[in-house]
Amino acid sequence: MKLENLKPAKGATHNSKRVGRGQGSGKGGTATRGTKGAQARAGYEHKIGFEGGQMPIQRRLPKFGFKNPTRVEYKAVNVATLQALSEKLGVKEFDVDTLIGAGIASKGDLVKVLGNGEITAAVEVKVNAFSASAKSKIEAAGGKAIVIE
C-alpha cells in the first residue's frame, strides 16, 4: 500500500454536476436555474427574510410585547431541594458555588430560595435573594439565611 494508490471506497464519492456545458449534457441553457429573475443571474444574494418581493412575514405581523431592560432574573431553588441536598450530601452550608456543583444552578446565575416544601436541617444559606416564607422556614429550622451581593 502506497500513498499514491489510496482512493475512496466504491460509491463514497459522486461526480460533480457540470451545469451550463451545452444542450447535450441535459443541463445546458439555463443551467438548472429556471428562467429569468434575480436568482437566475450571477452574483445573486438574497437578504435574510426576503420572499421574492412579497411582503415578508416579519413585516406582515404586528409588533407586540415588551422586554424590560432592567429585569433581574433569578434561578429558583426551593427549600425542599436544600433539604434533599442536605440529606444526600450531608452539606450544612449552601452558597451559589455549592448549588452550581450540585447541578442546580449554572455559572453566572443569580439564585433565589423559595419556600416550597419543608426543611428540618439547620443549614446556612448564602444566596442572592430569599422569599419571605423561605427565610422564615430556614430560620425556624435553626439555620441562617444570608443575602449576598
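This is a predicted model: local features need pLDDT of at least 70, side-chain atom pairs count only at pLDDT 80 or more; totals for chains, interfaces and linings use all residues.
The mean pLDDT of the chain is 93, and 100% of its residues reach 70 or more. Among the elements of the chain, the lowest mean pLDDT, 91, belongs to strand β2 at residues 93-95. The highest, 96, belongs to strand β5 at residues 129-130.

Now find helix α2, which spans residues 79-89. Which of its residues are buried? They are Val 79, Leu 82, Gln 83, Leu 85 and Ser 86.

What covers the buried residues of α2? The cover includes the strands β1 (74-78), β2, β3 (110-114) and β4 (124-127). It also includes the helices α3 (96-101) and α4 (132-140). Just after α2 comes Gly 90, which takes a positive phi of about 70°.

The last stop is on the surface. Met 1, Leu 3 and Leu 6 make a nonpolar patch there, with an area of about 460 Å². Leu 6 lies in the segment before α1 (57-60). Is Leu 6 buried or exposed? Its relative accessible area is 53%, and a residue counts as exposed when this value is over 50%, so Leu 6 is exposed.

Definitions and conventions. Residues are numbered from 1 along each chain as its sequence is written. Side-chain values use heavy atoms; hydrogens and water are left out. pLDDT is the predictor's confidence in each residue, from 0 to 100. Helices (H or I, at least four residues) and strands (E, at least two) are DSSP runs, numbered from the N terminus. Buried means under 20% relative accessible area, exposed over 50%, partly exposed in between (1.4 Å probe, protein chains only). Contact means heavy atoms within 4.5 Å. Patches are made of residues with over 30% relative accessible area and no salt bridge: like charges are joined within 9 Å, nonpolar side chains (Val, Leu, Ile, Met, Phe, Trp, Tyr) within 5 Å. Accessible areas come from the Shrake-Rupley method with a 1.4 Å probe; for residues, only the protein chains shown count as cover. A salt bridge is a side-chain nitrogen of Lys or Arg within 4 Å of a carboxyl oxygen of Asp or Glu.
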